[in-house]
Amino acid sequence: MPNGTSTGLLRGRYRLLELIGQGGMGAVYKATDEFLGRNVAIKIFLANATAPADVRRQEDEVNILASLSHHSLVTLLDAAVDRSDPIRPRIYLVMELVEGADLQRRLDHGPLPVRQIAQLAYDLAEGLEYIHSRGVVHRDIKPANVLLVDYNGDNSRTRAKLTDFGIALLAESERFTAEGSATGSAHYMSPEQAKGDPVGPASDVYALGLVLLECFTGVVAFPGAAVPSALARLMNDPEIPATVPAAWAGLIGAMTARDPRDRPLVHDLVLALRQLIIGASGRHRAGAPVQLAATRPIVRPGAPESSDEEGRMTAVRRYDLLDTPPDGAFDRITALAARIFQVPIALVSVVDYDRIWFKSRHGLTVEQIDRDAGLCASAILQAAPWVVTDARSDARALANPLVAGEMGLQFYAGVPLTSRDGHNLGALCLIDVVPREFSPAEQATLVDLAAMVMSELELRLDSRQALLDGHSLLG
């Protein structure tokens with residue numbers, strides 16, 4: 001274990017306790033922050049601090065980590081250069097100490113349960129969505145770089161945190177590796193990464209797909225030495241055994257497509273994984289008919305919701321929509337929509353805490369479905385029309401029980417019903433059991449019909465308010 005100063009402290013503050021990990025670019029120690037009295041993780045770079053390429057690599061990791069803050073990423077607490085040895089200055093990073101094993105150690109004991117795979121996959125996809133939105137590509141997604149933490153101490157919800165941005169690059173920045181060279185871990189590189197071509201967010205999606213496949217099988221998809229492993233993925237897709245559930249097999253197959261353009265965008269991946277979490281919870285059995293929601297359960301911890309769900313529900317209650325009688329005005333709009341677009345089902349939906357309630361339903365007999373089963377719950381997270389032209393091949397809908405079950409939903413188009421104060425109450429949506437295209441002109445027409453729904457709702461709200469104001473004046 002290296003010493004920092006004659007006092008045994010790194011830069012007079014951090015006391016190194018034990019080595020917890022080592023790679024080609026640095027060693028990670030458990031340490032104590034003597035100033036704040038807490039344990040931390042410290043990565044000390046092993047590279048030659050006088051080599052320009054090494055210095056730049058080290059500075060890049062510091063700058064990248066310092067700009068990121070997300071619950072699915074290990075948090076950077078401090079970064080500096082220790083110059084206690086003038087001949088060998090050392091750059092180091094101080095990070096939160098994540099108590100728990102990394103995913104690689106967990107996989108040494110065999111495959112993971114489906115529910116746990118869904119949870120950690122969702123965490124990691126959210127983390128990737130965050131860093132990609134900031135122009136950062138991780139470039140080294142692998143089980144050893146996924147830290148697992150059990151906050152509850154009962155294995156009810158294991159969270160995943162992505163670490164080690166040692167070779168991460170800004171998506172638009174100039175590459176500092178040698179031209180034609182490949183960076184990353186050989187077993188998880190994307191095909192373009194293995195060839196030394198420029199990489200983007202799709203490369204992280206590919207690597208995550210291989211990690212998820214390994215979570216199911218317990219074995220590396222492309223084993224062997226670095227060069228044969230890299231060559232194998234240039235010629236072949238990973239083998240997905242029949243033991244992998246169908247919805248997962250379809251999603252992992254899309255994530256590991258050899259052409260980056262064929263892989264799902266990480267935003268769509270997050271939505272698809274939300275549905276897979278729902279499926280893994282056991283609340284919906286594949287092939288089972290849709291059940292009506294009878295009670296309001298507690299919202300599950302960790303389930304993604306609107307950023308202001310309480311504000312949205314306040315708006316829903318303000319418009320007095322839930323459990324109200326059938327209404328001719330809205331029924332005419334859904335009937336018109338069904339005729340215009342020649343679809344069997346058109347709905348005006350309202351998204352409640354735990355259910356999707358249909359204010360108007362053309363071509364459907366049920367009044368409501370469980371919220372997690374409906375694509376309207378995804379549509380209200382959007383600011384524009386949300387269209388799934390072929391649910392059988394769309395990563396956002398592969399795991400939805402209405403797609404995989406007996407209904408066989410294949411097409412969905414929904415426009416959020418947005419209140420004047422910006423809350424999405426529900427959606428005007430179209431459903432079909434066959435795939436179909438949906439042109440920009442058709443989307444514009446559906447937007448206009450949704451505006452008619454909202455105009456009627458706003459008119460009724462204003463009328464009720466005027467009536468209340470009149471009663472107040474009379475009182």
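Two strands count as paired if DSSP finds at least two bridges between them. I kept that rule beside me while going through this predicted model.

**Entry 1: S11 and S12**
I began with strand S11, residues 345-351, and its neighbour S12. The two pair in the antiparallel sense, and I noted six bridges. For one facing pair I looked up Val351, which stands opposite Ile356 in S12. The two strands form a hairpin, with three residues between them.

**Entry 2: S12 and S13**
Next I followed S12 on to strand S13, residues 368-370. This pairing is antiparallel too, over three bridges. Arg355 has Asp370 in S13 as its bridge partner. S12 and S13 form a hairpin with five residues between the strands, and there I found Gly363 with a positive phi near 85 degrees.

**Entry 3: cavities**
I have two cavities of 30 Å³ or more in my notes. The largest cavity holds about 50 Å³ of space.

Which residues lie nearest the centre of the largest cavity? I wrote down Arg139, Ile141, Tyr188, Gln193 and Ala207, from a lining of eleven residues. Helix H5, residues 201-217, gives the most to that lining, with three residues. Sorted by class, the lining of the largest cavity comes out as four nonpolar, four polar and three charged residues.

Technical notes. Residues are numbered from 1 along each chain as its sequence is written. This is a predicted model: local features need pLDDT of at least 70, side-chain atom pairs count only at pLDDT 80 or more; totals for chains, interfaces and linings use all residues. Side-chain values use heavy atoms; hydrogens and water are left out. On a 1 Å grid over the protein atoms alone, a cavity is a set of points where a 1.4 Å probe fits but cannot get out, and a pocket is an open set with protein on both sides within 12 Å along at least five of seven lines; lining residues have an atom within 4 Å of a point. Grid points are joined across faces, edges and corners, and a volume is the space filled by probe spheres set on the points. Helices (H or I, at least four residues) and strands (E, at least two) are DSSP runs, numbered from the N terminus. Ala, Val, Leu, Ile, Met, Phe, Trp, Tyr, Cys and Pro count as nonpolar, Asp, Glu, Lys and Arg as charged, and the others, Gly among them, as polar.
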